[in-house]
Amino acid sequence: MDKFQICEVIGDLNHAGSKAPKDVSEIANKMGFKKLLLVKSTNKQDAFSKINRQIVFYKEWKQIYNRITNNSIVLLQHPFRDRQLTRNNILLKLKKKKSVKFICIVHDVEELRKTLYDNYYKKEFEFMLTIADKLIIHNTSMAKFFMSKKVPSDKLINLEIFDYLKPYDNLKKIKFSKNIVIAGNLDSNKSSYLKELNKINVRFTLYGPNFSLQEFKNIDYKGSYPANKIPQLLNSGFGLIWDGESILKCSGPTGNYLKYNDPHKLSLYLASGLPVIIWNKAAESKFVKQNKVGFTVSALTDIPEKLDKVSLEDYTLYCNNARKLAKQLSNGFFTERAIEKAVNTLK
């Protein structure tokens with residue numbers, strides 16, 4: 001049985017948002033899934049460029065159809081970010097004419113995230129449910145959402161956490177510190193809780209683009225780094241998984257999304273060997289507690305009191321457990337396990 005993966009190529013971006021699909025593609029490639037690329041020819045939005053882009057997509061999808069063999073397994077990563085007029089027809093044709101089975105890995109559900117949700121993403125999601133033979137979803141909370149959409153539970157495979165491919169450093173030492181690390185997009189208009197960090201009596205170390213809080217005395221800004229460089233810099237304290245409009249709870253679209261998704265930021269911290277602090281209503285708070293790699297809070301204002309109770313012994317335990325996960329995350333363990341389960345149940 002042949003195995004293929006269809007990959008959108010959208011440029012070499014340095015932020016963590018592009019790393020997850022690249023990592024999935026690399027892991028799948030090592031598992032024998034041959035890459036079939038969809039290359040976006042241009043980002044220009046004038047009429048000529050839009051028409052030319054669809055012509056290129058049409059030719060690429062036709063080539064993809066011809067290359068995929070009968071009765072094969074095809075891996076897709078959702079959502080597809082670019083409108084491609086021929087995509088759905090080709091995928092349906094592969095299913096009907098060549099008896100192809102589809103494994104769909106879900107990166108984001110825009111209906112839950114809300115910030116990008118529109119008619120395109122609504123239809124993209126519905127089509128994914130139509131063609132998917134197996135769906136790899138983030139966690140049990142997201143599974144409940146899919147089941148509310150009438151997706152059978154035996155069609156769903158729980159990823160648990162996204163991997164974060166990088167060289168595993170067995171000798172890396174994490175220093176005991178009560179400093180809080182925030183890595184990612186630091187746009188305080190997008191994540192307005194950042195504007196209130198000066199109200200919390202702890203030290204914060206921030207990494208990422210769009211920093212604008214220079215006047216805050218409790219923040220050390222370290223700059224912005226590519227996704228493959230940042231793990232080397234995280235070597236003390238706790239990584240924070242929080243989002244939204246307030247320091248009192250994760251509110252607004254991006255904050256509420258934590259109830260369902262596996263934040264890639266969590267993967268970054270743990271792959272770096274760093275213990276974490278996460279919102280107690282986040283879907284991945286269960287993962288953090290079960291693996292004893294940090295603690296949960298209901299509000300960021302709870303952090304100082306909770307940190308006061310963390311001993312060197314507690315921190316060492318968190319670090320030792322994070323180190324075990326770091327090895328798995330750095331080598332693609334969770335993605336490979338999920339894909340392997342999907343393939344085995346489709347054979």
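Leaving aside its neighbours within four places in sequence, with which residues is Thr140 in contact? In this predicted model, local features are reported only at a pLDDT of at least 70 and side-chain atom pairs only at pLDDT 80 or more, whereas totals for chains, interfaces and linings use all residues. Residues are numbered from 1 along each chain as its sequence is written, and side-chain values use heavy atoms, with hydrogens and water left out.

Beyond those sequence neighbours, Thr140 is in contact (heavy atoms within 4.5 Å) with Asn158 and Lys286. Thr140 belongs to helix 6 (residues 140-148); helices (H or I, at least four residues) and strands (E, at least two) are DSSP runs, numbered from the N terminus. With a relative accessible area of 41%, Thr140 is partly exposed, a class that lies between buried (under 20% relative accessible area) and exposed (over 50%), as found with a 1.4 Å probe on protein chains only. The C-alpha atom of Thr140 is separated by 8.1 Å from that of Glu160, 20 residues apart along the chain.

Glu160 itself is located in the loop between strand 6 (156-158) and strand 7 (175-183). Its relative accessibility is 26%, so Glu160 counts as partly exposed. Most residues other than glycine have a negative phi, and most peptide bonds are trans. Glu160, although not a glycine, has a positive phi of about 85 degrees. Asn210 is also not a glycine and has a positive phi of about 70 degrees. The loop between strand 8 (204-207) and strand 9 (219-221) contains Asn210, which counts as partly exposed at 48% relative accessibility.

Strand 3 (residues 73-78) is mostly covered, with six of its six residues buried. Ile73, Leu75 and Gln77 point one way from the strand, while Val74, Leu76 and His78 point the other way. Strand 3 runs parallel to strand 1 (residues 3-9), to which four bridges join it; two strands are taken to pair if DSSP finds at least two bridges between them. In this pairing, Val74 of strand 3 stands opposite Phe4. Strand 3 also pairs in the parallel sense with strand 4 (residues 101-106), over six bridges, and there the bridge partner of Val74 is Phe102. The chain passes from strand 3 through helix 3 to strand 4 in a right-handed β-α-β crossover, meaning that, with the strands pointing away from the viewer, the path from the first strand over the helix to the second runs clockwise. Between strand 3 and helix 3, the loop includes Pro79. The peptide bond joining His78 and Pro79 is cis, with omega at about 0 degrees.

Strand 11 (residues 276-279) and strand 12 (residues 294-297) are paired in the parallel sense over four bridges, with Val276 opposite Gly294 of strand 12. Helix 9 (residues 264-271) is largely enclosed by the rest of the structure, because seven of its eight residues are buried. Among these buried residues are His264, Leu266, Tyr269 and Ala271. Just after helix 9, Gly273 takes a positive phi of about 85 degrees.

On a 1 Å grid over the protein atoms alone, a cavity is a set of points where a 1.4 Å probe fits but cannot get out, a pocket is an open set with protein on both sides within 12 Å along at least five of seven lines, and lining residues have an atom within 4 Å of a point. Grid points are joined across faces, edges and corners, and a volume is the space filled by probe spheres set on the points. The structure holds one cavity of 30 Å³ or more, and the largest cavity contains about 90 Å³ of space. Helix 12 (residues 312-331) gives the most to this lining, with three residues.

The second largest pocket has a volume of about 440 Å³. Of its 18 lining residues, Gln54, Asp82, Arg83, Gln84 and Tyr120 are the closest to its centre. Helix 2 (47-67), helix 3 (87-97) and helix 5 (119-131) are the elements that each give two or more residues to the lining.
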